[in-house]
Amino acid sequence: MNPSPEDPGLRIAALQAELDEVKRREAAFRARMVNEFLDRGERNTYLHVLREEKAALARREQEASADLELLTRKLEAEGDRAAALEAELSRAKSSWAWRLGAPMRALERILGADPPQRTPAGPANPPAEGGVFTYYLHTSPFRIYREPTFTLRGWAWPQDGRAVTAVRINLDGRLFVGRHGLEEPEVIARYGPQPANPRPGFEVPFETPPGRHLLSLEAQIDSSEWRSIMTTSIWCESKRP
Amino acid sequence: MSADDAHARVRRSTATFAERSAYKKVWGSLAEDSEMASLAVAGHTDEATMELTARGFIDMLRATVGLGPTDVVLEIGCGIGRVGRPLSRECLQWFGADISGAMLEHAAARLRGVPNVRLVELATVGLQEFPADAFDLVYCTIVFMHLFEWDRYRYVEEAYRVLRPGGRCYFDNYPLDSEHGWNVFTEATRYPPDRRPAHLSMASTREELGIYLAKAGFEAARVHDLPNGLIAATGRKPG
């Protein structure tokens, strides 16, 4: 039997249910409004972060351009110096004294009596022989160094599957031992498990005295031999005031 | 990691009272792991006890300001989401705001899979992340004792802004004029002034909480004596 539309109790109940539904929809609308407001805030924050990153990249680009210009000037200066030395050598070769000594030098060549060569004393720790590594450097070594120290960070493993048991930097024979075995979950996720090197990250702080140096990043393999991951020349400047 | 160890690390917390205002830093350092975070915000690490105390709080909330299934609720200083988990089952949507991102990471882990919750990290003291006139209920429990008075009032003012007309608020602290409150106060006097930790608990008075609510514009402001020894100020936004 259908309830009578005139039944006040039923009408009140129906109105109450309708009111509750309106309340629920109004509350749901407010909850959605808060969520959208928060989403917008997060997007704005993300945009802000992107803008900050863009500004930082622009600064890095300017610094890199300045470094490039400086290196170009150094190269030009070295070129000028080489040209001056070549000119001096050609002047020396065209001199009367050089021509006078020519028969004597020819005779020495024929007799094989080369003047004794002085072997320069090598560094106490020559760079290790190169190995084949999969690696990446988070802090690029290709830069002009202006701080007294620098920390090279990255990850590496030898492609023959052996374990890295230590890392160091050999800077003109000076050794700087770093930390290895640091977590690199994104690298493992990308390249797959590395059984011998489950934590392939490393960091090696080293000093950067002014001047030009030969830098060799080296890894000890299976607690025995050292192998070079990469080698490069670096240029260190005194810190600007 | 044992609860004893977490206790020791909370005691060793290096942030000093001078850093109390650096809430993000202080509470970030107290949330190194979930045990330490639980201890810092709830005083214990036992999940069952946490659920029980949260249920007790919800009962108090229901008794003082009411709680309904269509309520859109905001908790200020939600920490690890102790209250949020059970409360989310009794409201339409629960928002948990905290100044410590580290605490919220633990909260996110505890609330994983709960559909009607959202966690928001506050940039600084205040609720600037939230729109005005949005919530039915804003509450803040076991937080005021860790804040300076200006910041307590800032949250009361902000609660007023984000509540819809007719929305309710709830703020609690322990009272200085109770035996428990006085014990906490006198225990804190034992710290040498330069060794007071940043999270040291500081009491409120009934007058203080009442004044905050009145100055912020709330009507029907009341200060309740709760069975757990705390006092709670409640009020309603006109409209």
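## The largest cavity

Three elements of chain B, α2 (23-29), β1 (72-76) and β2, each supply at least two residues of the lining of the largest cavity. This is a predicted model. The largest cavity holds about 340 Å³ of space. Its lining counts 22 residues. Nearest the centre lie B:Gly77, B:Gly79, B:Asp98, B:Ile142 and B:Val143.

What classes of residue make up the lining of the largest cavity? There are 15 nonpolar residues, four polar ones and three charged ones. The count of cavities of 30 Å³ or more comes to one.

## The second largest pocket

Which element gives the largest share of the lining of the second largest pocket? That element is α1(A), with 11 residues. By class, the lining of this pocket has 12 nonpolar, five polar and 10 charged residues.

## Where chain B meets chain A

The two chains touch. On the side of chain B, 17 residues are in contact; on the side of chain A, 13 are. The size of an interface is often given as the accessible area lost when the parts come together. Here the buried area is about 1200 Å². Carbon and sulfur atoms give 64% of that area. In chain B, the residues that lose the most area to chain A are B:Thr70, B:Arg118 and B:Pro131. Together they account for 42% of what that side buries.

Polar links also cross the interface. Six residue pairs are in polar contact, with both residues at pLDDT 80 or more. Strands β2 (93-98), β3 (117-121) and β4 (135-140) of chain B each give two or more residues to the side that touches chain A. That side of chain B has nine nonpolar, three polar and five charged residues.

## Salt bridges

Side chains of opposite charge can pair when their charged atoms come close. Over all chains, the count comes to 35 salt bridges. Between chain B and chain A, the count is three. In one salt bridge, A:Arg30 pairs with B:Asp136. Their closest N and O atoms are 2.8 Å apart.

Another salt bridge lies within chain A. There, the side chains of A:Arg227 and A:Glu129 meet at 3.5 Å, N to O. What parts of the chain does this pair link? A:Arg227 is in strand β9 of chain A. A:Glu129 is in the loop between α2 (96-111) and β1 (133-137) of chain A. The two residues are 98 residues apart, and the pair links distant parts of the chain.

Conventions:
Residues numbered from 1 in each chain as written. Chains lettered and ligands numbered in written order. Predicted model: local features only at pLDDT ≥ 70, side-chain atom pairs only at ≥ 80, totals over all residues. Heavy atoms only, no water. Helix = DSSP H or I, 4+ residues; strand = E, 2+ residues; numbered from the N terminus. Nonpolar A, V, L, I, M, F, W, Y, C, P; charged D, E, K, R; others polar. Contact = heavy atoms within 4.5 Å. Buried area = accessible area lost by both parts, 1.4 Å probe. Salt bridge = Lys/Arg side-chain N within 4 Å of Asp/Glu carboxyl O. Polar contact = N/O pair within 3.5 Å; in protein donor to acceptor, adjacent residues only side chain to side chain. 1 Å grid on protein atoms, 1.4 Å probe; cavity = no way out; pocket = protein on both sides within 12 Å on 5 of 7 lines; lining within 4 Å. Points joined across faces, edges and corners; volume = space filled by probe spheres on them.
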